[in-house]
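Me: Please take a close look at the side-chain contacts in this model. I would like one connected account of the charged pairs and the aromatic rings.

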Amino acid sequence: MKATRYFTPEEANQMLPLIRSIVRDINQMGDELRSLGSEGRGVSPRFQKAMSKISELVREVEALGCFYRDLGFHIGLVDFPALIKGEEIYLCWRSDEESVVHYHRREEGFAAKRRIPPNWYASEYLSVQEGV
């Protein structure tokens, strides 16, 4: 999956108020789905409506250039594509975190996150490009 936008750590953090709001709505819809239990999953109007709303919200996240990674719609994981010294990585954020302070390599997931090194905030480490 090729990114069309790369974020700096500062840009990812600036976008967090909007991302946080969207993710909060996704998590609420996830709670709605879980409240249904096993009855009506897939066929009930409430289930269909919640899934439709979640799909719409995930598309909003993707339209901003990010990726929503929480298939359980509970934790709220978001990846922000970044290019650090020529390597495509993801700056990552979880909805219970104050800011974007971690990253992981593309082939790894959130469990392999590492703290963003302070020197990555220096311009010579960052390669920000639109449209790859």
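Reply:
**Charged pairs and rings**

Arg46 and Glu32 form a salt bridge, with their closest N and O atoms 2.8 Å apart. Arg46 belongs to helix H2 (residues 45–63) and Glu32 to helix H1 (residues 9–35), so this pair ties together parts 14 residues apart in sequence. Before we go on, please note that this is a predicted model, where local features need pLDDT of at least 70, side-chain atom pairs count only at pLDDT 80 or more, and totals for chains, interfaces and linings use all residues. Residues are numbered from 1 along each chain as its sequence is written, and side-chain values use heavy atoms, leaving out hydrogens and water.

Now for the terms. A salt bridge here is a side-chain nitrogen of Lys or Arg within 4 Å of a carboxyl oxygen of Asp or Glu. Helices (H or I, at least four residues) and strands (E, at least two) are DSSP runs, numbered from the N terminus.

Arg46 is partly exposed at 43% relative accessibility, and Glu32 is also partly exposed, at 28% (buried means under 20% relative accessible area, exposed over 50%, partly exposed in between, with a 1.4 Å probe and protein chains only).

The whole structure has 9 salt bridges. Another one of them joins Asp79 to Arg69, with 2.9 Å between the closest N and O atoms. Asp79 sits in strand S2 (residues 77–84) and Arg69 in the loop between strand S1 (67–68) and S2, so the pair ties together parts 10 residues apart in sequence. Asp79 is buried at 5% relative accessibility, while Arg69 is partly exposed at 32%.

Phe7 lies in the segment before H1 and Phe80 in strand S2, so the pair ties together parts 73 residues apart in sequence. Phe7 is buried at 1% relative accessibility, and Phe80 is buried at 0%. The rings of Tyr68 and Phe73 have planes at 15° and centres 6.5 Å apart, so that pair is stacked. Both Tyr68 and Phe73 are buried.

Terms used:
Phe/Tyr/Trp six-rings, centres within 6.5 Å; stacked < 30°, edge-to-face > 60°.
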